[in-house]
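Visitor: I am new to protein structures. Could you show me how to read one, feature by feature?

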Amino acid sequence: MCKKSIKNKQTWLFIAVTIFWLLDSFIAFGSEVGNRFVDFSLEDPHEKMYSQADMEGKITVVILQSRYTLDAAIACKKHLKELIQGNQKVQMISIMDLRRRPSFVPKVVLKKKISGQDPTSNEIPFLLDWEGEVTKALGGDESTCMVLIADPSLKIVYSQKYKKAVVGSEIKPLIVELSSKQK
């Protein structure tokens, strides 16, 4: 191979990787930044109901997950919990998309199994989206763990796939900024 051919291939590879990275970073999901958080009413495994009203007045970090992203979601919640620890102006909830749950497994059994697999479910409200409607409305899917941040007025100010490196560089400064604006 000649040097010109190799350099040409490297240039095209660089362009392709750059385009993929940009698309991955900037693709907007169903609930775009700037939109108001969807109205919802979901239960946790202990049958306690949560709604949009539980989020008002606080900065809320929301983790969208599914049965398929459980390990990533647990890592995400642990990491985010460290970032917001001690900040009384911030709360965290997790919403699990269960639209593709095994139909033959009773909900009670599934609740216990999920709670047993996720050690963070006792500390962080863990909401069950049985039909996947809330998750879909927020732009989540069953193959990706996502992080959303809603400000105290329920405006979505952040929406991104969970990536550990991004959490420290993007989310922490955003939470600090939102917290400083809050009384």
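Visitor: How much accessible surface does the protein have, and what share of it belongs to carbon and sulfur atoms?

Guide: Accessible areas come from the Shrake-Rupley method with a 1.4 Å probe, and for residues only the protein chains shown count as cover. Here the accessible surface comes to about 10,500 Å². Carbon and sulfur atoms hold 57% of that. Keep in mind that this is a predicted model: local features need pLDDT of at least 70, side-chain atom pairs count only at pLDDT 80 or more, and totals for chains, interfaces and linings use all residues. Residues are numbered from 1 along each chain as its sequence is written, and side-chain values use heavy atoms, with hydrogens and water left out.

Visitor: What share of the residues is buried?

Guide: First the term. Buried means under 20% relative accessible area, exposed means over 50%, and partly exposed lies in between (1.4 Å probe, protein chains only). Of the 183 residues in the protein, 44% are buried.

Visitor: How many helices and strands are there?

Guide: Helices (H or I, at least four residues) and strands (E, at least two) are DSSP runs, numbered from the N terminus. This protein has five helices and seven strands. Along the sequence, the pattern reads α-β-β-β-α-β-α-β-α-β-β-α.

Visitor: Is E4 covered or open?

Guide: Mostly covered: eight of its eight residues are buried. Check both faces. Val-90, Met-92, Ser-94 and Met-96 lie on one side, Gln-91, Ile-93, Ile-95 and Asp-97 on the other, and all are buried.

Visitor: Which residues have the most contacts inside the largest nonpolar core?

Guide: Start with the general idea. In soluble globular proteins, nonpolar side chains tend to be buried together. A nonpolar core is a set of buried Ala, Val, Leu, Ile, Met, Phe, Trp, Tyr and Cys residues joined through side-chain atoms within 4.5 Å. The largest one here has 21 residues, and Val-61, Ile-63, Leu-80, Val-147, Ile-149 and Ile-171 have the most contacts inside it. At least two residues of this core come from each of strand E3 (59-66), helix H2 (70-84), strand E4 (90-97), strand E6 (146-150) and helix H5 (164-181). H5 gives the largest share, six residues. A second, separate core has 18 residues, including Val-38, Ile-95, Leu-138 and Ile-156.

Visitor: What does Ile-149 contact?

Guide: Contact means heavy atoms within 4.5 Å. Leaving aside neighbours within four places in sequence, Ile-149 is in contact with residues including Val-61, Ile-156, Ile-171 and Leu-178. Now look at the whole protein. Among contacts with a separation of 6 or more, 74% join residues 24 or more positions apart.

Visitor: How many aromatic pairs are there?

Guide: Rings of Phe, Tyr and Trp (its six-membered ring) pair if their centres lie within 6.5 Å; planes under 30 degrees apart count as stacked, over 60 as edge-to-face and the rest as tilted. The structure holds one such pair. Phe-37 and Phe-40 form it, edge-to-face, at 5.9 Å centre to centre with 65° between the planes. Phe-37 is buried at 2% relative accessibility, and Phe-40 is buried at 5%.

Visitor: Where are Glu-47 and Leu-154 found?

Guide: Both sit in loops. Glu-47 lies between strand E1 (41-43) and strand E2 (49-51), and Leu-154 lies between E6 and E7. Glu-47 has a positive phi of about 70° although it is not a glycine. Leu-154 has a positive phi of about 75° and is not a glycine either. Glu-47 is exposed at 54% relative accessibility, whereas Leu-154 is buried at 0%.
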